Amino acid sequence: MSSQNSASGPGGPDQGGPGPRADTEAVARFVERFASEMTGAGMQRAAARVFAALLASDDASLTSAELSERLSISPAAVSGAIRYLTTVGMVSRERDPGSRRDRYRLRNELWYATLAQRDSLLTRWEDALREGVDSLGRDSPAGARIAETLAFFEFMQEELGDLLDRWREHRANLLLEGGGAGSDRG
């Protein structure tokens, strides 16, 4: 069997969407390897596998049945994974036109949006840390440790804004050159 076959269309074994098909075994190995890396970083295993499967699908979109079949997991496992991925803003749910089936799709500019959301999280953490420094006193060992944590998050938030701006510029250049950044799903 060759590693390139003609596509079977949306929902077929080509991991979604029209176009050339990747070797399904190679795709499955990628999905499991990337899911393993995400699990190692703290993500739930089923959520990591579902995310990796969506990432590896041509149109970044699959139904629950497609995910269950591709990953050999139960519909309940898919449902739990989707619930988690939706809660953290990595996946959205949409309805297939003229159907009662839900389709799960990676968010547009997923990594940018995820990091931009962290900006508001860092602000909330900074507010809580300031309160901790005030409560414990900057001169106490715990207060000094919390003050250093606060300084770290303030630094990260400032740098993150600059980094996201640089990414937008870099991504625009990649798109102009016709390479690297892929679709609008990155």
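Student: What does Ser68 touch, not counting residues up to four places away in sequence?

Tutor: Ser68 touches Ile73, Ser74, Pro75 and Val78 on that count. Contact means heavy atoms within 4.5 Å. The model is predicted: local features need pLDDT of at least 70, side-chain atom pairs count only at pLDDT 80 or more, and totals for chains, interfaces and linings use all residues. Residues are numbered from 1 along each chain as its sequence is written, and side-chain values use heavy atoms, leaving out hydrogens and water.

Student: Why does Ser68 count as buried?

Tutor: Its relative accessibility is 14%. Buried means under 20% relative accessible area, exposed over 50%, partly exposed in between (1.4 Å probe, protein chains only). So Ser68 is buried.

Student: Which backbone oxygen does the side chain of Ser68 reach?

Tutor: That of Ile73, at 2.4 Å. A polar contact is a pair of N or O atoms within 3.5 Å; within protein, one must be able to donate a hydrogen and the other to accept it, and residues adjacent in sequence count only if both atoms are side-chain atoms. Ser68 sits in helix α3 (residues 64-71). Helices (H or I, at least four residues) and strands (E, at least two) are DSSP runs, numbered from the N terminus.

Student: What makes a set of residues a nonpolar core?

Tutor: Its members are buried Ala, Val, Leu, Ile, Met, Phe, Trp, Tyr and Cys residues, joined through side-chain atoms within 4.5 Å. The largest here has 27 residues, and Leu67 is one of those with the most contacts inside it. Helix α2 (45-56) is among the elements that each supply at least two residues. α2 gives the most, with 8 residues. Another core, of 6 residues, lies apart and includes Leu122 and Phe153.

Student: How many aromatic pairs does the structure hold?

Tutor: 4. Rings of Phe, Tyr and Trp (its six-membered ring) pair if their centres lie within 6.5 Å; planes under 30 degrees apart count as stacked, over 60 as edge-to-face and the rest as tilted. Trp125 and Phe153 lie 5.2 Å apart centre to centre, with 70 degrees between the planes, and form an edge-to-face pair. Trp125 is in helix α5 (residues 110-136) and Phe153 in helix α6 (residues 141-177), 28 residues apart.

Student: Buried or exposed: how does Phe153 count?

Tutor: At 17% relative accessibility, Phe153 counts as buried. Trp125, at 40%, is partly exposed.

Student: Why is the pair of Phe152 and Phe153 called edge-to-face?

Tutor: Their ring centres are 5.5 Å apart and the planes stand at 70 degrees, so the pair is edge-to-face. Phe152, at 46% relative accessibility, counts as partly exposed.
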